[in-house]
Amino acid sequence: MKKLILFIFTTLFALDLPPYFSAKFIQKIYSDNKTLTYKGEVYTNSKDIFWKYTYPEEKYIWIKDKVYIYEPNLIQVTITKKPKINLFNVIKKATRIDKNKYIAQIDNKQIYFIFDKTLKKAWYKDDIGNKVVFTFKNQSDKKIDNNIFIPTYPKEVDIIFN
């Protein structure tokens, strides 16, 4: 599941989005009779992505040459390799299945998204059958300061290489 989420994070922004994209997001994970809700902001300059989770806890994810996940409550940063699959190309070749609804195929998984002049929503089923839904609001295509894409965290945190 974690890998697919990273794939999504690294690739959702390829379908005719401008060079810069930012938005507030709500991520919901539906599992059996439970729903987990996360909120935050996302920024991309088409090659780097920064996810800033603000609810229920702070978490920061930078996707560059590597993936950096800073979790302040755990006082740690996890650094992993960037996913090998570049889904920018997959989403560019996605098939329109309705007026604003598209589908992309990734490792036998299907990602659906709503795109109406900008990215509105994306969803998929993870490896254990949970439905994961991202809804985007307050989208913008204004230039983003490149400093936001530089991983920043305190020096005293534990660093885990995964």
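Lys137 is found in strand 11, where a strand is a DSSP run of E with at least two residues, numbered from the N terminus. At 48% relative accessibility, this lysine counts as partly exposed, because buried means under 20% relative accessible area, exposed means over 50%, and partly exposed lies in between (1.4 Å probe, protein chains only). The structure is a predicted model, in which local features need pLDDT of at least 70 and side-chain atom pairs count only at pLDDT 80 or more, while totals for chains, interfaces and linings use all residues. Residues are numbered from 1 along each chain as its sequence is written, and side-chain values use heavy atoms, with hydrogens and water left out.

**The positive patch**

Lys137 belongs to a positive surface patch together with Lys117, Lys120, Lys121, Lys125 and Lys131. A patch is made of residues with over 30% relative accessible area and no salt bridge, with like charges joined within 9 Å and nonpolar side chains (Val, Leu, Ile, Met, Phe, Trp, Tyr) joined within 5 Å. Lys and Arg count as positive and Asp and Glu as negative, whereas His and the chain ends are not counted. Strand 10, which covers 119-125, and strand 11, which covers 131-140, each supply at least two residues of the patch, and the largest share, three residues, comes from strand 10.

**The nonpolar cores**

A nonpolar core is a set of buried Ala, Val, Leu, Ile, Met, Phe, Trp, Tyr and Cys residues joined through side-chain atoms within 4.5 Å. In soluble globular proteins, nonpolar side chains tend to be buried together. The largest core here has 25 residues, of which Phe25, Val42, Trp51, Ile61, Phe113, Phe134 and Phe136 touch the most other members. Several strands each supply at least two residues of this core, including strand 1 (21-31), strand 3 (49-55), strand 9 (109-115) and strand 11. The largest share, four residues, comes from strand 1. A second, separate core of 12 residues includes Trp62, Tyr68, Phe149 and Val157.

**Salt bridges**

Side chains of opposite charge can pair when their charged atoms come close. A salt bridge is counted when a side-chain nitrogen of Lys or Arg is within 4 Å of a carboxyl oxygen of Asp or Glu, and by this rule the count comes to three.

| Pair | N to O distance |
|---|---|
| Glu41 and Lys24 | 3.6 Å |
| Lys64 and Asp48 | 3.4 Å |
| Asp127 and Lys109 | 2.4 Å |

The salt bridge of Glu41 and Lys24 joins strand 2 (residues 34-44), where Glu41 lies, to strand 1, where Lys24 lies, so the pair ties together parts that are 17 residues apart in sequence. Within this pair, Glu41 counts as buried at 18% relative accessibility, while Lys24 counts as partly exposed at 43%. In the salt bridge of Lys64 and Asp48, Lys64 lies in the loop between strand 4 and strand 5 and Asp48 in the loop between strand 2 and strand 3, so parts that are 16 residues apart in sequence are tied together. Both Lys64 and Asp48 are buried. In the salt bridge of Asp127 and Lys109, Asp127 lies in the loop between strand 10 and strand 11 and Lys109 in strand 9, so this pair ties together parts that are 18 residues apart in sequence.

**Contacts across the sequence**

Gln139, in strand 11, is partly exposed with a relative accessible area of 25%. Ser31 lies in strand 1 and counts as partly exposed at 26% relative accessibility. The C-alpha atoms of Ser31 and Asn130 are separated by 5.0 Å, and these residues are 99 residues apart along the chain.

**Backbone exceptions**

Most residues other than glycine have a negative phi, and most peptide bonds are trans. Asp32, which is not a glycine, has a positive phi of about 50 degrees; Asp32 sits in the loop between strand 1 and strand 2 and counts as exposed at 78% relative accessibility. Ile75, also not a glycine, has a positive phi of about 55 degrees. Ile75 lies in the loop between strand 5 and strand 6 (76-81) and is partly exposed, with a relative accessible area of 48%. A cis peptide bond, with omega about 0 degrees, joins Tyr55 and Pro56, and Pro56 is found in the loop between strand 3 and strand 4.

Technical notes. Areas by Shrake-Rupley, 256 points an atom, 1.4 Å probe, with all protein chains shown as cover. Charge placed at Lys NZ, Arg CZ, Asp CG, Glu CD.
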